[in-house]
Amino acid sequence: MKSPETAHAEAADSATLVRPGEATQFTRLALVPMTFLHQRGHAAIRAGGEYHRFGEVSLTHMWSRGQYEARAADLPLRSDQYLITLCLSGGCELQKRSHFALHANQAMIMPCDGVHGFSTTGDLETLSLRTSAASLLRAIGGGTLAPLLYTPIETAQGLPRVLADTMSSFWKSRNTLMAGDAMNILMPIGSFLRGIFEEKFKYTASAAAASQSLHWRIREDILSHMGQPDICSAACAAKRLGRSPRAVHAALREMGTSFSNLAMDIRLSQAARLLRSPLSGHQSITALALAVGFEDMSHFSRRFRQRFGQSPRAYRDAGRPD
């Protein structure tokens with residue numbers, strides 16, 4: 001069943017005629033979200049589409065035609081939001097500090113901040129996924145999105161093709177998805193983006209690429225040993241990975257984190273997953289906390305509440321079916 005928000009967007013905004021200075025409900029919800037500032041050479045801008053939100057993830061199918069400028073409608077600007085846009089047909093040119101172009105069968109990742117100038121080629125048709133930077137990075141496995149921002153990703157073959165097909169599949173299934181499916185949408189998208197990143201890094205001998213690669217290896221090592229606090233340390237991880245502790249700390253610092261912060265994030269994320277999983281519904285909260293490496297229950301409860309805004313028990317109860 002469609003939410004009132006979705007139904008309103010579909011009823012009010014399909015094939016909407018957007019005039020200069022106006023912002024429709026659809027564009028406020030869906031794209032950047034954005035407000036049209038002015039158009040160039042056209043009496044009006046035609047834009048329309050359909051928007052669906054699933055918790056912290058939204059999917060938007062949109063078409064538009066015209067030349068216009070747009071900016072993020074959120075105040076303050078939401079630099080913590082990212083947009084993964086798949087161009088289905090047509091194309092557009094974007095002006096954001098530098099000039100970028102997006103054509104059919106290409107995808108592009110961009111932050112939802114600042115003013116973007118758009119000039120469409122024919123009828124532009126796009127499918128976009130919007131989510132927070134933190135959620136997207138968590139799905140990828142941490143690190144940075146910087147290498148692929150505003151870089152057209154060809155989706156004709158390989159993992160980019162799988163990424164495009166997966167986004168299209170989720171869109172086709174939109175009426176059967178619910179708010180709780182947000183991470184089910186994000187996780188495969190993140191996995192494919194990580195594969196695309198790794199393919200790009202394979203031919204790049206940069207320090208940033210090396211740090212990103214090591215960051216992912218450290219993350220996987222933490223996941224493998226998080227239930228063993230005595231050997232889940234930077235020194236032990238460095239030894240298992242054949243690197244020095246200094247290299248481990250430097251790579252994580254380059255990615256904007258530390259070993260302790262990364263380990264805590266992984267433990268809490270895994271605890272949240274286990275608390276909501278039907279496979280671990282018979283296990284006590286204490287047992288689950290121990291399984292992810294927490295030996296002090298009060299410390300676990302305090303850090304869990306800081307991260308998720310509620311106690312572990314309340315979080316588990318909220319996920320149970322009525």
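Predicted model: local features only at pLDDT ≥ 70, side-chain atom pairs only at ≥ 80, totals over all residues.
Is Y150 buried or exposed? The cut-off for buried is under 20% relative accessible area. Y150 has 9%, so it's buried.

Now compare that with N105. N105 isn't a glycine either, and it has a positive phi of about 65°. You'll find N105 in the loop between β7, residues 98–103, and β8. Its relative accessibility is 44%, so N105 counts as partly exposed.

Okay, let's zoom out. The protein chain has twelve helices and ten strands. How much of the protein chain is buried? Buried residues make up 48% of its 322 residues. And if you take the contacts with a separation of 6 or more, 72% of them are between residues 24 or more positions apart.

Here's one pair you can find on your screen. T120 and S64 are 56 residues apart in sequence, but C-alpha to C-alpha they're 7.6 Å apart in space. T120 belongs to strand β9, and at 13% relative accessibility it counts as buried.

Next up, the inside. The largest nonpolar core has 34 residues, and the ones with the most contacts inside it are I84, L129, L136 and L193. Which elements build it, with at least two residues each? On the strand side that's β4 (57–65), β6 (81–96), β8 (106–111) and β9 (115–132). On the helix side it's α3 (133–140), α4 (158–172), α5 (182–202) and α6 (207–225). The largest share is from α5, with nine residues of this core.

Click on I84 if you want to see who its neighbours are. Leaving out residues up to four places away in sequence, I84 touches M108, I109, L127, S128, L129, L136, M167, I189 and L193. There's another core too, lying apart from this one, with 30 residues, among them A234, A272, A289 and V292.

Let's move to single helices, starting with α3. The buried residues here are A133, S135, L136, A139 and I140. Look down the axis of α3 and those buried residues fall within an arc of 165°, so they line one face of the helix. If you're wondering about the background: an α-helix has 3.6 residues a turn, so residues three or four places apart point the same way. Just after α3 comes G141, with a positive phi of about 115°.

Helix α7, residues 234–241, can be read in the same way. Which residues of α7 are buried? They're A234, A237, A238 and L241. Down the axis of α7, these fall within an arc of 100°, so they line one face of the helix. The cover over them includes α6, α8 (245–254) and α9. After α7 comes G242, and its phi is positive, near 70°.

Last topic, helices against helices. Two packed helices are described by the angle between their axes and the distance between the axes. Take α6 and α8: their axes come within 9 Å and cross at roughly 110°. The range for roughly perpendicular is 65 to 115 degrees, so α6 and α8 are roughly perpendicular to each other. From α6 we have S211, L214, H215 and I218, and they meet A247, V248, A251, L252 and E254 in α8. By class, that contact has six nonpolar residues, two polar and one charged.

And the other pair is α9, residues 259–276, with α11, residues 297–308. The axes of α9 and α11 come within 11 Å and cross at roughly 85°, so α9 and α11 are roughly perpendicular to each other as well. On the α9 side, the contact is made by M264, D265, L268, S269, A271, A272 and L275. On the α11 side, it's H299, F300, R303, F304, R307 and F308. This contact of α9 with α11 has eight nonpolar, two polar and three charged residues.

Conventions
Residues numbered from 1 in each chain as written. Heavy atoms only, no water. Core = buried A, V, L, I, M, F, W, Y, C linked by side-chain atoms within 4.5 Å. Buried < 20%, exposed > 50% of the residue type's maximum accessible area, 1.4 Å probe, protein only. Helix = DSSP H or I, 4+ residues; strand = E, 2+ residues; numbered from the N terminus. Contact = heavy atoms within 4.5 Å. Axes fitted to C-alpha atoms, helices over the stretch in contact; angles between N-to-C directions. Parallel < 35°, antiparallel > 145°, perpendicular 65-115°, else oblique. Nonpolar A, V, L, I, M, F, W, Y, C, P; charged D, E, K, R; others polar. Arc of directions from axis to C-beta.
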